[in-house]
Amino acid sequence: MIFISKVVLVTGANKGIGLEIAKQLASYEGYHILIGSRDAERGEQAAEALKKEGLSVEALTIDVADDRSIEAAVQTVKSKFGRLDVLINNAGVLLDTFTGAPSSRAIFEQTFSVNVFGAASTTEAFVPLLEKSAAARVVFVSSGLGSLTFLADPEGRSVSFPAPAYRCSKAAMNMLALTYAQRFRAQGWKVNIHNPGLVATDINNHMGTRTAEEGAMGAVRLATLGEDGETGTFSENEGPLPW
Ligand SMILES: NC(=O)c1ccc[n+]([C@@H]2O[C@H](COP(=O)([O-])OP(=O)(O)OC[C@H]3O[C@@H](n4cnc5c(N)ncnc54)[C@H](OP(=O)(O)O)[C@@H]3O)[C@@H](O)[C@H]2O)c1
């Protein structure tokens, strides 16, 4: 029988940065990773590939835009493990056009449904299971595009990339994360925000310059923080980011 010291859920882990976060965390002794995927088959395929590498993983169907799917995932984790130690809110979409055209209400709604309401509903639904953990860790996979400071500076980073719906969603996600950091500070939870940087994945048609391995590193560090680790921070591999 395998000893499980940490039960970890990574949402949107069937591919891209989420898959890599799952893979890296699974290399930690005693870590068991739930490969969150909105599509059951894609989740099983990703989990099977990692199992063949000898990693302790299993697929968990969770569509973060669907409350019934989230609730079913909570019940599965509750009945199998009785707790959740680490939640990585990684599932995300980038739906703005690359042309700079203003985004429609529909684009804003779809983007917020996953990136903000999805992360919020998932985190809230798992609070009772995270409260059962001796050392809860929550990581929000956000973006440097959510930094108000960068965009307020005409010379700031990535100012030429419009993506208003995506930017607003990640700025909102950062605030969401801070509400959880503050709410569970006294209980010792570590709730932090990670920017993967510009990573070559499907979300940007593989225009990124970083690999998924590099994009996952900061999230893995934040997921495995010790008792003396930080909470309520926004960072990337290179260090802290401005809000
Ligand atoms: N790549 C970058 O340069 C970059 C930079 C900054 C931040 N990020 C953030 O990093 C995270 C991962 O993105 P990625 O680059 O790895 O993109 P990706 O390869 O497109 O992966 C996105 C993942 O999110 C999942 N997803 C989308 N909607 C979902 C929903 N309703 N419920 C559950 N899962 C859902 C996707 O599932 P399907 O396969 O079913 O679509 C996929 O597994 C996102 O939050 C993104 O905003 C990425």
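Residues are numbered from 1 along each chain as its sequence is written, and side-chain values use heavy atoms, with hydrogens and water left out. Because the model is predicted, local features need pLDDT of at least 70 and side-chain atom pairs count only at pLDDT 80 or more, whereas totals for chains, interfaces and linings use all residues.

Helices (H or I, at least four residues) and strands (E, at least two) are DSSP runs, numbered from the N terminus. Two strands are taken to pair if DSSP finds at least two bridges between them. On this basis, eight strands form an open sheet with mixed pairing and the order S3-S2-S1-S4-S5-S6-S7-S8. Its edges are strand S3 (57-61) and strand S8 (239-240), each of which pairs on one side only. Strand S1 (residues 6-10) is parallel to strand S2 (residues 31-37), and five bridges connect them; Lys-6 is placed opposite Tyr-31 of S2. S4 and S5 also run parallel and are joined by four bridges, with Asn-89 opposite Phe-140 in S5. On the next pairing, S5 and S6 are parallel over five bridges, and Val-139 faces Asn-192 in S6. In general, strands of a sheet pair through backbone hydrogen bonds, either parallel or antiparallel.

Axes are lines fitted to C-alpha atoms, for helices over the stretch in contact, and angles run from 0 to 180 degrees between N-to-C directions. Helix H1 (residues 16-26) lies across S1, S2, S3, strand S4 (86-89) and strand S5 (137-141), at about 165 degrees to S2. Helix H8 (residues 212-223) lies across S4, S5, strand S6 (190-194) and strand S7 (234-236), at about 170 degrees to S6.

Burial was assigned from relative accessible area: buried is under 20%, exposed is over 50%, and partly exposed is in between (1.4 Å probe, protein chains only). Eight of the 11 residues of H1 are buried, so this helix is largely enclosed by the rest of the structure. The buried residues of H1 are Ile-17, Gly-18, Glu-20, Ile-21, Ala-22, Gln-24, Leu-25 and Ala-26.

For H3, 15 residues at 1.5 Å a residue should span 21 Å, and the end C-alpha atoms are 21 Å apart, which agrees; the expected span is 1.5 Å times one less than the number of residues. Ser-69, Ile-70, Ala-73, Val-74 and Val-77 of H3 are buried. These residues cover an arc of only 140 degrees around the axis, which puts them on the same side of H3; the arc is that of the directions from the helix axis to the C-beta atoms. Arg-68 and Ser-79, on the other side of H3, are exposed. The cover over the buried residues of H3 includes S2, S3 and H5.

A nonpolar core is a set of buried Ala, Val, Leu, Ile, Met, Phe, Trp, Tyr and Cys residues joined through side-chain atoms within 4.5 Å. The largest such core has 36 residues, of which Leu-84, Phe-126, Leu-130, Phe-140 and Trp-189 touch the most other members. Two or more residues each come from S1, helix H3 (67-81), helix H5 (117-130), S5, helix H7 (164-183) and S6. With six residues, H5 gives the most to this core. Apart from this core lies another, of 28 residues, including Val-10, Ala-22, Ala-26 and Tyr-31. Leaving aside neighbours within four places in sequence, Leu-130 contacts Leu-84, Asp-85, Val-86, Leu-87, Ala-136, Val-138 and Trp-189.

Strand S5 is mostly covered, with five of its five residues buried. Arg-137, Val-139 and Val-141 point one way from the strand, and Val-138 and Phe-140 point the other way. Arg-137 of S5 is buried at a relative accessible area of 5%. Its contacts, not counting residues up to four places away in sequence, include Asp-85, Trp-189, Lys-190, Leu-222, Ala-223 and Glu-227. The C-alpha atoms of Arg-137 and Ala-223 are separated by 5.7 Å, although the two residues are 86 residues apart along the chain.

Glu-131, in the loop between H5 and S5, counts as partly exposed at 49% relative accessibility. Beyond residues up to four places away in sequence, Glu-131 touches Phe-184 and Trp-189. Glu-131 and Phe-184 are 9.4 Å apart, C-alpha to C-alpha, and 53 residues apart in sequence.

Conventions:
Contact means heavy atoms within 4.5 Å.
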